[in-house]
Amino acid sequence: MEFGFTEEDEEFRSEVREWLAGHVDGAQDRRSWERTLGKSGWIGLGWSEAGYGNRIATLTQQVVWAEEYARSGAPARSGHIGEKLLAPTLLAHGSEEQKARFLPPVAAGDELWCQGYSEPGAGSDLAGVRTRAVRDADGTYRISGQKIWTSLAHEADWCFVLARTDPGSSRHRGLSFLLVPMDQPGRIEVRPIRQLTGTSEFNEVFFDGAQARAEHVVGGEGNGWRVAMSLLGFERGVSTLAQQVGFAQELTRVVRDAVRSDAVADPVVRALLVRQWAELRVMRWNALRTLGGSGDTGAPNVAKLLWAGWHQRLGELALLVRGAEAAVGPREWSPESPYELDELQYLSLFSRADTVYGGSDQVQRTIIAERVLGLPREPKGVV
């Protein structure tokens, strides 16, 4: 498709910039910020169905909003999992009752969600999930098992959980997609995972007889794999372009560091900086090329493969341009503040996970090879 911004889009951009400039407040907590966004109608711009509290926006206007949000310095979103993952999934696979129950609170910023996919023995191999959901006589499901790397579970009100509802099933069969309330003391336990960065956005979640209602199974019992795969396709798209705005800001900081430290005088460093700039431009053009397109099988997998490696290399470059200084924290050590990182140190450590989470590089390459290029499947048992 031909992609470009119209005069109406630029007028919309001015409206977005003006609103963000007047509302971004660094002192505002993230849950309050979600409600502020919802009250002004900025949540759910990409939803195709009216009546759930969102304002209608074209695809290009969605891109404008995402890019300007990334540029504004607004708080990191805590409602994006509900807005960008759950909502499109319900619009595609949910019943009218499920849409009416769950979409308005997401649009208002009142209910936050987390994603119950990965498990200790089934991270990128999603078909290997062992969490089970047994249906009682009254139709209630009781869920037992463990999820891991669950982003924002400590803040979430609800979790969409992929669980095995057919005890005799294996791999892709017998899975169901359940909507589970997180406020179940004694039945759901959330344990934060401390990361290399010293922060704890990820969590372990333990389900011990947690309850989910029969009417909160999306797509019908046993159809969880189809729903789950559909959801993974929503993880990319407009958000990729906004992500690249953040990448460009990080690259600018690395270039400034290289100039300040005189690392830019090294021709190897200059070549690496130019490569990062050029690859980021190519990623943007590729994202624009595939945005809104249909039938481009494998495009999300290619995008993930491209940006994960790029971002990880940027993290390595951020330390390279600093030399030995990169090992020194921004503040003097103290018992009260034992683990301090500046922005580029955080980038370097956090980006180590980019090629693993959201589907590892190996998984992305396998999907591209088998489903896009039509290459033979890897023989079972090969290590």
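1. A quick word on terms to begin: a residue counts as buried under 20% relative accessible area, exposed over 50%, and partly exposed in between (1.4 Å probe, protein chains only). By that rule, Glu 316 is partly exposed, because its relative accessible area is 41%.

2. Please keep in mind that this is a predicted model, where local features need pLDDT of at least 70, side-chain atom pairs count only at pLDDT 80 or more, and totals for chains, interfaces and linings use all residues. Residues are numbered from 1 along each chain as its sequence is written, and side-chain values use heavy atoms, with hydrogens and water left out.

3. Let's start with a helix pair. Helix H1 (residues 7–23) and helix H3 (residues 59–72) have axes that come within 9 Å and cross at roughly 35°. Helices (H or I, at least four residues) and strands (E, at least two) are DSSP runs, numbered from the N terminus; axes are lines fitted to C-alpha atoms, for helices over the stretch in contact, with angles from 0 to 180 degrees between N-to-C directions. The crossing is right-handed, that is, the near helix is turned clockwise from the far one by less than a right angle.

4. Which residues of H1 meet H3? On the H1 side they include Phe 12, Arg 13, Arg 17 and Trp 19, and on the H3 side Trp 65, Glu 67, Glu 68 and Arg 71 are among them. The residues of this contact divide into seven nonpolar, three polar and seven charged. Contact here means heavy atoms within 4.5 Å.

5. Next, the salt bridges, each a side-chain nitrogen of Lys or Arg within 4 Å of a carboxyl oxygen of Asp or Glu. The whole structure has 30 of them. One pairs Arg 253 with Glu 343 at 3.1 Å, N to O. Arg 253 belongs to helix H7 (residues 238–261) and Glu 343 to helix H10 (residues 343–350), so this pair ties together parts 90 residues apart in sequence. Arg 253 is partly exposed at 28% relative accessibility, while Glu 343 is exposed at 54%.

6. Glu 316 from the opening point has a partner too: its side chain meets that of Arg 352 in a salt bridge (2.8 Å, N to O). Arg 352 sits in the loop between H10 and helix H11 (361–372) and Glu 316 in helix H9 (residues 299–320), 36 residues apart. Arg 352 is partly exposed, at 39% relative accessibility.

7. Leu 152 has a positive phi of about 60° although it is not a glycine, and Leu 152 is buried at 6% relative accessible area. Asp 262, also not a glycine, has a positive phi of about 65°, but Asp 262 is exposed at 51%.

Note on methods. Nonpolar A, V, L, I, M, F, W, Y, C, P; charged D, E, K, R; others polar.
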